[in-house]
Amino acid sequence: MKKTIYILLLILSYTAYSQSLSVFNVDASNFPTIKAKFFAFDSTDNQITNLNTSDFEIKENGIQRAVTNISCPEPKPLVALSTVLVMDVSGSMAGMGLDIAKSAANAWINMVPLGKSECAITSFSDENYINQDFTIDKKKLIDGINSLNCLSGTDYNAAMLDVMAGGVLIAKTGKYKRVIVLISDGYPNAEPNTAQIISQANANNIAIYCVTIGMSAPQCMKDFSNQTGGLYFENIRTKEEAEDCYRAILMTAQGGAPCLIEWQSGITCVSGMTNAEVKLIPNSITAKLNYQPPNSSVAKLEIIPPSLKFKNAIPCIKKDTIITVTARNSDFNVTNITSSNPAYTVNPTSFFLINGQSQNLTASYIPADSGYTYTKFTIENDKCAAKFYASGGYPGKKAKIQTLKLIQPNGGETFIVGMDTVITWDGVLPEEKVKIEYTTDNGANWILIMDSAIGLSHKWLIPKTPSNNCLARVTANLGYENTSCDGGDVQICNQIWMACNLDVDAYRDGTTIPEVTDPTKWANLTTGAWCYYNNDPNNGIIYGKLYNWYAVNDPRGLAPEGWHIPSIDEWNELENCLGGVSVAGGKLKSTGTKEDRDGLWRAPNTGATNESSFSGLPGGYRGGTNWLFYGIGSDCFWWSSTTDKEVSSFGRGLGYSYAGFSRYDFPVLSGFSVRCVKD
């Protein structure tokens, strides 16, 4: 079945305001007490400090929170600066990224007291460039900023260390307090010499401040800032947000002290990042921020499995399956469970669960025919919205009733160029793919946003194409051809591979494999465990689970019946079949890039053709010295069943910047994906 939904959009440009509020360095270590630093500036760029708790309003995910403390230190005399603005000009910065960086840098030049302070401009890609050495000449600095153009590559060593224009090398010649402000939108091509950068910065009394556009700061950037006396700012999306960051950096670097705000959070129904909005009421200005609360704060009904597939159900014959609902971090009173399709029912529909308690439900389906059908079960309760999904039908059989619906945008909205919005849809399972497009000429020409979006939502950065004749649409080819590993196995030469990464939480004998989210506990494991990337189940829908070697090597069997973990020789056979180590990776990778919004890999996704139909995705990994998460969008790694010693095992991997199929010897505590091959 093919279904297309059109929705009218309006895309406009943004108007800036002079007053500003920037909130940063959020501290959730004493949850539910949250602390953060902030700067508030009036329309003449003077810091506002005569504030109290009644001047603020805070909402987290739309829920009002109590502000408990505001404190602002006494003003101090501001010191002169020697600042190096280090600007990323890699290919991914082209367009909005570079516009944001230039706007922030120009704001800095207009704010810093030139004559008392001095400034230099450098830029970097794979190499570095000095665009303007230290000067107090405003015109020269602005000309240096506005002359920047994007090249290729992202090398933080070039940005900070390498001759001739590494930021540290330039900054150490400064006459006043030495400051580097580094802005980037991409992870480095290779891990930089973080320790050396920090050591040289500290030896020359250089404070490093870091700003990331549209992404979380990589660990190396956090280390640059935390260990040199600077600050870091993440997920900047607009020029206005970037300018606010630079204003806060300037005030801090000159010796000005931020104010502190404290509020009380609470149990939330939203997993992952908590989105907060802080409003300074007398000035009618707001700041948005996000932070990661502890898992113990998220209340939810955990539903296993979150979606059901009644494949090959015989028409008019009832088919049952079991689903388990568990209360997490709160008690729940379930008052009803409704189905959007009367062919699907569930029993019981009301029950009470204390925190940690589970209830088995019987989900039933009576198909009228063999065509595709769908339902959404809504669990009505006193705490948090919950739902699960089911579909049925025979592979390839079309639906008689079209179910796909575009929920948001739903017509008539006005969107600001450069802002984020979320496109949502309903009527298919979360793992079923849809294509999302938009048009600026009322449907004459369509522009692809994403050709294989899943999860019932997709974050979209509004492009720089102002128009009031916009439409959006989603289309899906429903059925079971490509919606899961079931029935979608891939034959490559003489081998048959699963079509996706493994996503099981039990061994073949039914023994549960524990999920381990805490990095300290992960570091001390000697038995099997799994996790999702960033401990986010939404990543599991796309990339599967990450397993340690102990799970892979467990004699109870990680692979399902009829499958096994490939040996290194079987991986080598796959490589040879696809033309050898230098090109096989490209033939295994899914195509498209995040930047072009037609894939999940970072640009340039070198050599990607996916001619093998293996569809390797950049699911990242768990590793490093602290067993955190790295590389989503950039890398993927798979275990083999072959080990050379007790502390490591062989495996294979793909990367966004090369077409090869890499060979590795992994530490056994690494968290990597698993792709099974048929017995």
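Colleague: C316 lies in the loop between strand 16 and strand 17 (319-328). Is C316 buried or exposed?

Modeller: First, the ground rules: this is a predicted model, where local features need pLDDT of at least 70 and side-chain atom pairs count only at pLDDT 80 or more, while totals for chains, interfaces and linings use all residues. Residues are numbered from 1 along each chain as its sequence is written, and side-chain values use heavy atoms, without hydrogens and water. Buried means under 20% relative accessible area, exposed over 50%, and partly exposed lies in between (1.4 Å probe, protein chains only). C316 has a relative accessible area of 60%, so it is exposed.

Colleague: What is phi of C316?

Modeller: C316 is not a glycine.

Colleague: Which residues does a cis peptide bond with omega of about -5 degrees join?

Modeller: Look in the loop between strand 15 (300-304) and strand 16 (307-311), where P305 is placed. The cis bond with omega of about -5 degrees joins I304 and P305.

Colleague: A cis peptide bond also joins A603 and P604. What is its omega?

Modeller: P604 is in the loop between helix 12 (581-588) and strand 36 (619-623). For the A603 to P604 bond, omega is about 10 degrees.

Colleague: At what angle do helix 1 (residues 96-111) and helix 7 (residues 239-253) pack?

Modeller: Axes are lines fitted to C-alpha atoms, for helices over the stretch in contact, and angles run from 0 to 180 degrees between N-to-C directions. The two axes are 8 Å apart. The packing angle is about 40 degrees.

Colleague: Which residues of helix 7 make that contact?

Modeller: Contact means heavy atoms within 4.5 Å. Helix 1 brings D99, I100, S103, A104, A105, A107, W108 and M111. From helix 7 come K239, A242, E243, Y246, R247, I249 and L250.

Colleague: D244 is in helix 7. Which side chain does a polar contact of 3.1 Å join to that of D244?

Modeller: D244 counts as buried because its relative accessibility is 17%. Beyond its neighbours within four places in sequence, D244 touches S20, L21 and S22. A polar contact is a pair of N or O atoms within 3.5 Å; within protein, one must be able to donate a hydrogen and the other to accept it, and residues adjacent in sequence count only if both atoms are side-chain atoms. The partner at 3.1 Å is R247.

Colleague: Which residue caps the N-terminal end of helix 2 (residues 138-146)?

Modeller: Start from the backbone nitrogen of K139. A side-chain oxygen lies 3.0 Å from that nitrogen, and it belongs to D137.

Colleague: How far apart are the C-alpha atoms of K35 and Q264?

Modeller: K35 is in strand 3 (residues 33-41). K35 and Q264 are 229 residues apart along the chain, yet their C-alpha atoms are separated by 9.0 Å.

Key: Helices (H or I, at least four residues) and strands (E, at least two) are DSSP runs, numbered from the N terminus.
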